[in-house]
Amino acid sequence: MHNISSKPPISPERRHLLGLGIGMGALLGASGLSSCSLMGPKKPVVGLVLGAGAARGFAHVGVIKALEAQGIHPDIVVGSSAGSVIAALFASGATGNDLNRLAQNLDEATIADWGLPFAGRFGGLIKGDALQNMVNREVQNKTIEQMRIPLGIVATELQSGKGVLFRTGNTGQAVRASCSVPGVFQPTVIGGKEYLDGGLVAPVPVSFARQMGATLVIAVNISSEPVHQDASGTFGVLQHTISIMQRSINQYELKSADIVITPQLKQMSSGDFKSRNAAILAGEVAAQEQIALIKEKLKS
């Protein structure tokens, strides 16, 4: 019967290699070095976080253009609400200039297929089919997991009220869910669950980027301040209420970002699609102001 614990004798060659290994280990230990330190500092995982803000989301295009011009390329991109639209297109491989061209040619009618007023039990006005189809068309029907850059899309699950990070599945549908503003879009149903605007729980989803593994987070905050919102009419009151809520969440969430880019969009309302050029420029300017700090963080 063979002894299970018996081991074959060590050959002279293997003994020599083991001796070299032990000697090297002693040398490293004596000099206070570790094998990790010989490899140099670890490269940060850069997460680009694009926040909620409806038409103000055109500013994200300017930010991406400015980052690309400086050779700064995110490893991860996460978007909420309007930010999810740009995040999905960018993650699929669109450049800043591609996004700029798309923004110029985008017609409101292509993303807002109006349903019957107060249709359904939630009273949503926009069904969201056109938005979903537009996104899927622009990303060549790639699913979230097929993107060139790892993509996360944030939405709010209606029943639990919790934020959900979509990492797989139909890209256009996830974006549609993330953009389902209460009272404007009808809730999006995915897997039997209803989802609303991601901006309700994460207007700038920094924590979700960390969850995806980002070690250096560049957050783009396009949320409008309540003082600049028109609070007249039913829709105005709704937008004003959302702005108040988002400001409170952002005060907590943005603290954990490494860089916060805040385009100056004070006079631009969430529904002002005509000011897209001004928004893109504001995004470029705001990002350029932070380039030196971003490069410093990337080095350290």
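1. How many bridges pair strand β1 with β9, and in which sense? Strand β1 (residues 46–50) and β9 pair in the parallel sense over five bridges; strands are said to pair if DSSP finds at least two bridges between them. V46 has L216 as its bridge partner in β9. Helices (H or I, at least four residues) and strands (E, at least two) are DSSP runs, numbered from the N terminus.

2. The basis of the note is as follows. This is a predicted model, in which local features need pLDDT of at least 70 and side-chain atom pairs count only at pLDDT 80 or more, while totals for chains, interfaces and linings use all residues. Residues are numbered from 1 along each chain as its sequence is written, and side-chain values use heavy atoms, with hydrogens and water left out.

3. The average pLDDT (the predictor's confidence in each residue, from 0 to 100) is 82, and 72% of the residues score at least 70. Residues 1–8 have a pLDDT below 50 and, beyond near neighbours in sequence, zero contacts in the model; contact means heavy atoms within 4.5 Å. Residues 14–37 also have a pLDDT below 50, with five contacts beyond near neighbours in sequence. Where pLDDT is low, the predicted coordinates should not be read in detail.

4. Strand β9 (residues 216–220) is mostly covered, with five of its five residues buried. The term buried stands for under 20% relative accessible area, exposed for over 50%, and partly exposed for values in between (1.4 Å probe, protein chains only). L216, I218 and V220 point one way from the strand, and V217 and A219 the other way. In a regular strand the side chains alternate between the two faces of the sheet. β9 also pairs with strand β10 (residues 259–261), in the parallel sense and over three bridges. V260 of β10 is the bridge partner of A219.

5. A polar atom of the Q290 side chain lies 2.9 Å from the backbone oxygen of V260. A polar contact is a pair of N or O atoms within 3.5 Å; within protein, one must be able to donate a hydrogen and the other to accept it, and residues adjacent in sequence count only if both atoms are side-chain atoms.

6. The largest nonpolar core has 61 residues, of which L48, V77 and L151 touch the most other members. Such a core is a set of buried Ala, Val, Leu, Ile, Met, Phe, Trp, Tyr and Cys residues joined through side-chain atoms within 4.5 Å. Helix α3 (residues 82–91) gives the most to this core, with seven residues. Apart from this core lies another, of 16 residues, among them V204, A214, A219 and L254. The contacts of V77, leaving aside neighbours within four places in sequence, include L48, L50, A87, F90 and L151.

7. Helix α7 (residues 171–178) is mostly covered, with seven of its eight residues buried. These are T171, G172, A174, V175, R176, A177 and S178. N170 caps the N-terminal end of α7, a side-chain oxygen lying 3.1 Å from the backbone nitrogen of G172. T171 has a relative accessible area of 0% and is therefore buried. Not counting residues up to four places away in sequence, T171 touches A88, V135, N136, V139, K142, T143, I144, M147, L151 and I153.

8. The structure holds two aromatic pairs. Rings of Phe, Tyr and Trp (its six-membered ring) pair if their centres lie within 6.5 Å; planes under 30 degrees apart count as stacked, over 60 as edge-to-face and the rest as tilted. F58 and F273 form an edge-to-face pair, at 6.2 Å centre to centre and 85° between the planes. This pair links distant parts of the chain, 215 residues apart, and both F58 and F273 are buried. F166 and Y195 are likewise edge-to-face, at 5.2 Å centre to centre and 70° between the planes. F166 lies in strand β6 (residues 163–166) and Y195 in strand β8 (residues 193–196), 29 residues apart.

9. K266 is found in the loop between β10 and α10 (276–288). With a relative accessible area of 47%, K266 is partly exposed. K266 and I222 are 44 residues apart in sequence and 9.7 Å apart in space, C-alpha to C-alpha.
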